[in-house]
Amino acid sequence: MAARPPKSKKRPQDTEIGAIHKSWRGRVRFALVYPNRYHVGMSNLGFQSVYRLLNTYDHVVCERAFLPEPSRKTPSIIKTVESGKRLTDTDVIAFSLSFENDYPHILSILENIGLPLQADQRSDQHPLLIAGGVASFLNPEPIAAFFDCFFIGEAEAIIPRFLEAFEPGNKRRRMLKKIASDVPGAYVPAFYEVDYHPDGTIAAFHSQKAAPPSVKRMYLKDLAQTATCSTILTPDTAFEQTHLVEVARGCPHGCRFCAAGYIYRPPRFRPISALTEDIDQGISQTDRIGLVGAAVSDLPGLSDLCGQYLDQDLRISFSSLRADGLSPQLLSVLKHSDAKTATIAPDAGSERMRKVINKGITEDAILAAVDNLVAHGIPNLKLYFMIGLPTETNDDVEAIIHLSKRIKHRFLKASRAQNRIGDITISLNCFVPKPFTPFQWVAMAETGDLKKKIAKIKNELKKVPNLRVHSDIPRWAYIQALFSRGDRRVADILSLAHTHKGNWARTLKVVSVNPDFYVLRERDLDEHLPWDFLDQGIKKSYLQTEYRRATSAKPSPTCRVDTCQICGICNQPSDDRGQRSEV
Ligand code: SF4
């Protein structure tokens, strides 16, 4: 038997390039916390960008902290990565929240560092606890009880005003009043109250004098103003030693299930000159570049940008490529980069369902993309599908099976010509209705239903060679829906789950708040929703129209930023406080 290699004593952060080290003396001290493990947080470009942005201010020091790696020993107190300081020694603890299923980790971290869990139990001596990130700015209410303040919108558009208003050592309540009134995009839950109808739905949302009645989402109008690219390179992430560069924010296609496609409107692209600069900076440290965005293939000039680097020994990858956006130049870049796997997201199996979700991609386009990818030497494919979508019938579930088989057939034919047969991986995801999308009113499919559909698809495809099916766990999708669509009362469920050490089955059996009320209930179109006090700029009437179009399988056009005002985002006038949501 071969001897085991000695365990490495290196911590992940020992292999980092680019971490920022500053003295704490005389500076405003931030701990930026990702409520998951190091390798997950460090894959998140938003997390890295906020870290970089805060540290560009001379009077600020920002250090990172993560959920500890699992260990049989009692976990030690979480400290910052850069200088090993306690989080309670900072002025601000800022959580970056991208995924609702990380919410239970927030309470574990607060307990670990010895901070009272509820915001109203903390005193002037404690650091301010703030949260930002897409999950919390979609709907902060389920975790409102634990935070002093949320950033609603893009950090670059809020942080400068926050730093102007924030004075360490000031009385907590006075400080929060100033933040609520002076910082556009800041939501301070303590200054709001909610009234409920006897049936449990929301009757009204009241703000105190210090706070605006609705909180405007803030966004950066011109992405050229900021360098959104990796600050730190590390081998301990999913994008090992890859310099990530953001190419776009938002997406013009308006897929009706996708929250990011709505709350990052209008779609914006970074100029090619700024991207070239960021890529060149990355090349000085690594040969791997990752282009990130919800709509990378829509970037004007993408092929030419990548073409500049074809004569260099560089591996360029893309976070998303639409099946109908694969130009010959992009395919050459993928080939040149020695890409082993390409991802296509048909999202639904039937043409009808792709119209319901406004995917805007035909089956012919999907099959042509398969041919092209294999012909350009990419051996493996990954396909994303969703189950439990609104209006889904058995025929739509069957259509996922049939389309997967047709893709396999085309894949095989194209692979034979290359003398190489790779694998197809199907990823089945449970649809979770999200706030600020046209599906915010629909009921989520029952867990048992989703399980049956997953089992049916897996069973039908299990005999297909070189094809594997992975699926997410419907029970976790249910919890995600609870955190996405809940109101303030969901904090009680989260607290109880924490007391029960993460035992959700036990928690959901005994909790006094009914989780099905949030997850499985269809809402009336005129119901006051828990997130309605946030002004994301999208008109509710537009989402209602899109919902009606979805139920009759009518597609809608993509964004035309220069000419259109249909959803309410573009060319917004100032509000009655003279504030605009764009910076
Ligand atoms: S106003 Fe029109 S172009 Fe602007 S984000 Fe809305 S749909 Fe897109």
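The paragraphs below follow that order.

The model is predicted. Ala 131 has Phe 150 of β5 as its bridge partner.

Strand β7 (residues 192-196) and strand β8 (residues 202-207) run antiparallel and are joined by five bridges. One of the residues involved is Tyr 192, whose bridge partner in β8 is Ser 207. Five residues lie between the two strands of the hairpin, and Gly 200 takes a positive phi there, near 95 degrees. As background, the strands of a sheet pair through backbone hydrogen bonds, and the pairing may be parallel or antiparallel.

The next sheet is also open. Its four strands have the order β15-β16-β17-β18, and the pairing is parallel. Strands β15 and β18 (467-471) stand at the edges with a single partner strand each, so one side of each has no neighbour in the sheet. From one strand to the next, the twist averages 20 degrees. Strand β17 (residues 424-430) pairs with β18 in the parallel sense over five bridges, and Leu 428 has Ser 471 as its bridge partner in β18. Two helices pack on this sheet as well. Helix α12 touches β15 and β16 (380-387), with its direction at about 175 degrees to that of β15. Helix α14 touches β16, β17 and β18, with its direction at about 170 degrees to that of β18.

How do α12 and α13 lie relative to each other? The axes of helix α12 (residues 363-375) and helix α13 (residues 394-418) come within 9 Å and cross at roughly 25 degrees. Angles under 35 degrees count as roughly parallel, and α12 and α13 are therefore roughly parallel to each other. The crossing of α12 past α13 is right-handed. On the α12 side the contact includes Glu 363, Ile 366, Leu 367, Val 370 and Val 374, while the α13 side includes Leu 403, Arg 406, Ile 407, Arg 410 and Phe 411. By class, ten nonpolar, two polar and four charged residues make up the contact of α12 with α13.

For the other pair, helix α14 (residues 447-461) and helix α15 (residues 474-485) pack at an angle of about 140 degrees, and their axes are 9 Å apart. That angle makes α14 and α15 oblique to each other. Here too the crossing is right-handed, as α14 passes α15. Thr 447, Leu 450, Lys 451 and Ile 454 of α14 meet Pro 474, Arg 475 and Tyr 478 of α15. Sorted by class, the contact of α14 with α15 has four nonpolar, one polar and two charged residues.

Two loops contain backbone features to check. In the loop between α10 (328-336) and β15 (341-347) lies Asp 338. The phi of Asp 338 is near 60 degrees, a positive value in a residue other than glycine. The loop between α7 (260-263) and β12 (268-269) holds Pro 266. The peptide bond from Arg 265 to Pro 266 is cis, with omega near -5 degrees.

Arg 265 and Pro 266 are among the residues around the ligand, together with Cys 559, Arg 560, Val 561, Cys 564, Gln 565, Ile 566, Cys 567 and Cys 570. By class, this shell has seven nonpolar, one polar and two charged residues.

Technical notes:
Residues numbered from 1 in each chain as written. Predicted model: local features only at pLDDT ≥ 70, side-chain atom pairs only at ≥ 80, totals over all residues. Heavy atoms only, no water. Axes fitted to C-alpha atoms, helices over the stretch in contact; angles between N-to-C directions. Parallel < 35°, antiparallel > 145°, perpendicular 65-115°, else oblique. Left-handed = near helix turned anticlockwise from the far one by under 90°. Contact = heavy atoms within 4.5 Å. Nonpolar A, V, L, I, M, F, W, Y, C, P; charged D, E, K, R; others polar. Near = heavy atom within 4 Å. Pairing = 2+ DSSP bridges.
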